[in-house]
Amino acid sequence: MKTKILTILKENGGYVSGQALCSQLGVSRTAVWKAVKLLEEEGCRIEAVRNKGYRLLSVEDGIGGAQIGSLLKTKYMGRKLVYFRETDSTNIQIKKLAEAGSPEGTLVVAESQTAGKGRRGRSWSSPAGSSIYMSYLLRPKIPPYSASMLTLLAGMACVTAIREETGLNSAIKWPNDLVIGGKKICGILTEMSTELEEIHYIFTGIGINVNQTSFPQEIQETATSLKLESKKPEEISRSALIASCMKRFEHYYERFLLSGDFSELKEEYEGMLANLGREVLVLDPAGEYKGICRGIDNKGQLLVELGDGSKKTVLSGEVSVRGIYGYV
Ligand code: BTN
């Protein structure tokens, strides 16, 4: 209901009477008043004038559920949205929702995380105010070995959403990171619950550095934010970026589900791939090797050409790929 009220106030621009809101939404005046109070807590300034009604004065770019909801242009991605000012980890919360039967597309967003998870058991620093921390739930009917492709889809969605919202060109460092100019701006962590041949559910957690203006010294050389890269003084809207990621993800996910592989999307993906044509060092537990990245195959595996011209495929999750020079 908050989302609907915010959308009506935004579209109208002027005063909307309490009565009009009540009849459009089929609820009581008290329910409208309560929802307006919640919107105010999420950073919306709303004026209430007797005999005129409610008017939206401004929306602070928080990432409250109603703000994201009013910008969503999706069928199911983010349509069920759970927002936390602070939580342990959006991946932990989405898992709980998945276990409780939440539908495909459910999105959890947090302003800050106290136990943000990175890959390989690392933590993900998650202070409030400038980043995106979000996780969404999927229930695809695909075999467990195809699940890693959903991480690649998330990467594609983020690259296109970032381009759409900021004009910045980011690239995918296969399989889980987004980079700009060789520095990381986004990390992706996909987890799932499976049983033999069947995926029960799968969820992808995404952390994006949006409005940071500096980073701790230890990561200054390897991390950047969209704001730092845009070199513009104004803040980038996190809620608009989240809504755009949802729309883009839904688009790529539906194309992916038609074939269940990357045959349709390979070319577009390779256009976003930071590693393409570059020398990579593959940190395979069975032995490190170097080669030139030649793109991906239909399963989303990285193709690496060795010195003798032969090609190896690298399964995501199995190895870590680093560029020989710099972070990419
Ligand atoms: C990486 O190591 O690069 C992956 C980082 C993934 C971080 C995101 S933030 C939102 C979601 N919740 C978590 O606890 N982790 C992911």
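Two strands count as paired if DSSP finds at least two bridges between them. The model is predicted.

**The ligand and its contacts**

- The ligand is surrounded by 20 residues. Ser-89, Thr-90, Lys-117, Arg-119 and Lys-184 are the closest of them.
- Ser-89 places a polar side-chain atom 2.7 Å from an oxygen atom of the ligand.
- The side chain of Lys-184 has an N or O atom 2.6 Å from a ligand oxygen atom.
- Gln-113 has a polar side-chain atom 3.0 Å from a nitrogen atom of the ligand.
- How much of the ligand does the protein bury? Alone, the ligand exposes 420 Å², and the protein buries 99% of that.

**The shell around the ligand**

- By class, the shell holds 10 polar, 6 nonpolar and 4 charged residues.

**The second largest pocket**

- This pocket holds about 230 Å³ of space.
- Its lining has 13 residues. Nearest the centre lie Gly-18, Arg-29, Val-49, Asn-51 and Gly-53.
- Helix 2 (18-25), helix 3 (29-41), strand 1 (44-49) and strand 2 (53-59) each give two or more residues to the lining.
- Which element gives the largest share of the lining? Helix 2 does, with 3 residues.
- The lining divides into 5 nonpolar, 5 polar and 3 charged residues.

- Strand 10 (residues 279-283) and strand 11 (residues 289-296) run antiparallel and are joined by 4 bridges. Val-280 sits opposite Gly-291 of strand 11.
- The hairpin of strand 10 and strand 11 has 5 residues between the strands. There, Gly-287 takes a positive phi near 140°.
- Strand 11 also runs antiparallel to strand 12 (residues 302-305), with 3 bridges joining them. Cys-293 faces Val-304 of strand 12.
- Strand 11 and strand 12 form a hairpin too, with 5 residues between them. Gly-300, in the turn, has a positive phi of about 85°.
- Strand 12 pairs antiparallel with strand 13 (residues 311-314) over 4 bridges. In strand 13, Lys-312 is the bridge partner of Val-304.
- What lies between strand 12 and strand 13? The hairpin has 5 residues there, and Gly-309 in the turn has a positive phi of about 90°.
- As a rule, side chains in a regular strand alternate between the two faces of the sheet.

- Most residues other than glycine have a negative phi, and most peptide bonds are trans.
- Asn-51 is not a glycine, yet its phi is positive, at about 70°. Where does Asn-51 lie? It is in the loop between strand 1 and strand 2. Asn-51 is also one of the residues nearest the centre of the second largest pocket.
- The peptide bond from Trp-174 to Pro-175 is cis, with omega near -5°. Pro-175 is in the loop between strand 6 (171-173) and strand 7 (177-180).

Note on methods. Residues are numbered from 1 along each chain as its sequence is written. This is a predicted model: local features need pLDDT of at least 70, side-chain atom pairs count only at pLDDT 80 or more; totals for chains, interfaces and linings use all residues. Side-chain values use heavy atoms; hydrogens and water are left out. A residue is near a molecule or strand if one of its heavy atoms lies within 4 Å of it. A polar contact is a pair of N or O atoms within 3.5 Å; within protein, one must be able to donate a hydrogen and the other to accept it, and residues adjacent in sequence count only if both atoms are side-chain atoms. Accessible areas come from the Shrake-Rupley method with a 1.4 Å probe; for residues, only the protein chains shown count as cover. Ala, Val, Leu, Ile, Met, Phe, Trp, Tyr, Cys and Pro count as nonpolar, Asp, Glu, Lys and Arg as charged, and the others, Gly among them, as polar. On a 1 Å grid over the protein atoms alone, a cavity is a set of points where a 1.4 Å probe fits but cannot get out, and a pocket is an open set with protein on both sides within 12 Å along at least five of seven lines; lining residues have an atom within 4 Å of a point. Grid points are joined across faces, edges and corners, and a volume is the space filled by probe spheres set on the points.
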